[in-house]
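Here's a quick tour of a protein model for you to follow along with. Keep the sequence and the 3D view open, and find each piece as it comes up.

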Amino acid sequence: MKTVFKRTPTLKDCPTHYCPGCGHGTAHRLIAEIIDELGIHDRTIGIAPVGCAVLAYDYFDIDMTEVAHGRAPAVATGMKRTNPDKIIFSYQGDGDLAAIGTGEIIHAAHRGEQITVIFINNAVFGMTGGQMAPTTMLNQVTATTPKGRTRASEGYPLQVSELLALLPGAIYVERCALSTPAQIRKAKKAIKHAFELQTNNAKGLAFVELLCTCPIYWRMTPAESIEWIEKEMTKVFPLGCLKDTK
Amino acid sequence: MCGNEALAEAAILAGCDAYFGYPITPQNEIPAYMSRRMPEEGRVFVQSESELAAINMVFGASATGKRAMTSSSSPGISLMQEGISYLAGAELPAVVVNITRGGPGLGNISPAQSDYFQATRGGGHGDYRTIVLAPSSVQEMVDCMLLAFDLADQYRMTVLVLADGILGQMMEPIVLEKKPSRELPPKDWALTGAKGREQNIIRSLWLGEGVLEKHNNKLKAKYEQVQENEVLCEQYEVDDAEIVVVAYGVTARIVRGAAAKAREEGIKVGWIRPITLWPFPTEQISKVANEFRIFLTVEMSAGQMVEDVKLAVAGKAPVVFYGRPGGSVPTVDELLDKIRQLTLRHEIKI
């Protein structure tokens, strides 16, 4: 019998702590597959964020560190500058990257650090209990916007990819969605490109934003969550390649 | 060479692979010097966007086993406390230089010793320590840097070099010579890519019942080892002294002058100069503390190290404090006057 699907070696054979319907598992799987396909397992160093994915090193079978909230791009800078032959990637959520770590991601991109950043946008702070993130949608109910986010009080959702695409140091910026199989395949292509730029020693930062489900704090079923990404989130966070200077 | 430049060159001599920093007075000579010298040596220099980023760049380089440092001055060191706490939790070596200035807040840019509490009590959150070296000459800035990188690697700790604006700016002749390094453990924990071995993980998060307690106790045992083995202090004419002055850094130089003058007047003054502020020379001070002596602690602060002196003296002798906070520097004559007053007040025979 022909094997059509199997565990990829860089992903450990263990259950994750993620909630049912959460997109982190899919994102992990894609990254692990790409690491294996590119044959870079032996020289890749990953950086886990503070947030739901803080324990990512329990799932990725590569050298990894966990760092202070939002500081991953600075840590990645220290790693890559002293180890130009290594492949450095950070995996950050929207609380981590778009709130407390805004300074670090903007300046790492601004300096054109040769790193790969995977940005998980699920429009909410997951680990701390579903509070508003900078990416929370207008009218979205969260633990800290009980009546829904308003533009008057909390402002508009922050579009990080659009911001970064303005910077010459960010050479590749793409937004994908972990919703349907078709979109997931597109996401894999984008993540792979973001890693390949680094393996090809391209001079700049590669950034992939992944719209990702959080059924628990969206107060939806997994199926509704996928639909919400497709119908609502993509209105504010349009999918596609914002920049690819290669 | 000014103190800041000497310190920077010593870091290069010590094998510092990477310098990350953000401008702040009075330490700007260090990044300026490093921006020229590190690339010359084929090493890394990055001017970061903030002190937060700088200390995290140090974290990143150190996590891969490289020798990394940053430098700043008081307000910048406050910002780095988050990173220093994470470095402590993750047991990563790092060298941090604080060329202190007056505080709190923006304070001023004059030399001060008001960061003693922050330096010796950890500064950031959690149960941890940093080794604190306090040079009092440009030569000692060099010696402390050479030692700092070794101590950091040996104990996988942050070593803080605490100097002030005077030491940073003053010029003195120095000898730049690499001393034989102590035997250091291999960095088999470093993130170098999991090639032919199990993955390495650098972390400061320890969930699960009792797991963090175990980790904290491991750190505690390490800190006790440092306390046992790494105390450095200098003492002078303490044996017959009726007044023992305790001071560190540039203040100790002024004390030395005042003590010599007092001796000329027949006042029996000796002094103790802690070089490691943590671990503090508690035992050395305790040994010479008795009822026939007065301890005078002199600091460029409103009174910080004096608390450690009191703990060391443990009530066996009076401990008097004289301080000039806010970036003011005491003079030799000022200290001599203070010493004279003590002889009157405590009826010490001349």
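This is a predicted model: local features need pLDDT of at least 70, side-chain atom pairs count only at pLDDT 80 or more; totals for chains, interfaces and linings use all residues.

**A helix with a buried side**

Let's start in chain A: in helix α4 (residues 102–111) of chain A, the buried residues are E104(A), I105(A), A108(A) and A109(A). They span an arc of only 125 degrees around the axis, so they sit on the same side of α4(A). Here's the general idea behind that: an α-helix has 3.6 residues a turn, so residues three or four places apart point the same way.

- An open sheet of 8 strands runs in the order β7(A)-β5(A)-β6(A)-β4(A)-β3(A)-β1(A)-β2(A)-β7(B), and its pairing is mixed.
- Which strands sit at the edges? They are β7 (240–244) of chain A and β7 (201–202) of chain B, each of which pairs on one side only.
- Inside the sheet, strand β4 (residues 116–121) of chain A and strand β6 (residues 205–211) of chain A run parallel, joined by 6 bridges.
- Look for N121(A), whose bridge partner in β6(A) is L211(A).
- Where the chains meet, β2(A) and β7(B) also run parallel, with 2 bridges between them.
- At that spot, M64(A) stands opposite I201(B) in β7(B).

**A glycine to look up**

- G126(A) belongs to the loop between β4 and α5 (160–165) of chain A.
- Is G126(A) buried or exposed? It counts as buried because 25 other C-beta atoms lie within 10 Å, and the cut-off for buried is 20 or more.
- Setting aside neighbours within four places in sequence, G126(A) is in contact with G51(A), C52(A), G93(A), C214(A) and Y217(A).
- A76(A) is 50 residues from G126(A) in sequence, and their C-alpha atoms are 23 Å apart in space.

**Where chain A touches chain B**

- The contact involves 29 residues of chain A and 35 residues of chain B.
- On the chain A side, β1 (44–48), β2 (63–66), α2 (72–82) and α4 each supply at least two residues.
- Which of the elements gives the most to this side of chain A? That's α2(A), with 8 residues.
- By class, the chain A side has 11 nonpolar, 9 polar and 9 charged residues.

**Chain B as a whole**

- Chain B contains 12 helices and 13 strands.
- A compact globule of 350 residues would have a radius of gyration near 20 Å, and chain B agrees with that at 21 Å.
- Along its principal axes, the C-alpha trace of chain B spans about 75 × 50 × 40 Å.
- Of its 350 residues, 53% count as buried.
- Take the contacts in chain B with a separation of 6 or more: 79% of them are between residues 24 or more positions apart.

**The two domains of chain B**

- Chain B splits into domain 1 (3–229) and domain 2 (233–345).
- The C-alpha centres of these two domains of chain B are 28 Å apart.
- Their contact takes 27 residues from domain 1 of chain B and 22 residues from domain 2 of chain B.
- On the domain 1 side, the elements giving two or more residues are α5 (116–120), β5 (131–133), β6 (158–164), α7 (165–169) and α8 (211–229) of chain B.
- α5(B) gives the most to that side, with 4 residues.
- By class, the domain 1 side has 14 nonpolar, 10 polar and 3 charged residues.

Definitions and conventions:
Residues are numbered from 1 along each chain as its sequence is written. Chains are lettered from A and ligands numbered from 1 in the order in which they are written. The radius of gyration is taken over C-alpha atoms; the globule rule is 2.2 Å times the number of residues to the power 0.38. A residue is buried if 20 or more other C-beta atoms lie within 10 Å of its own, exposed if 12 or fewer, and partly exposed in between; C-beta atoms are placed from the backbone. Two residues are in contact if their C-beta atoms, placed from the backbone, lie within 7 Å. Domain bounds come from an automatic or database domain assignment. Ala, Val, Leu, Ile, Met, Phe, Trp, Tyr, Cys and Pro count as nonpolar, Asp, Glu, Lys and Arg as charged, and the others, Gly among them, as polar. The arc is that of the directions from the helix axis to the C-beta atoms. Two strands pair if DSSP finds at least two bridges between them.
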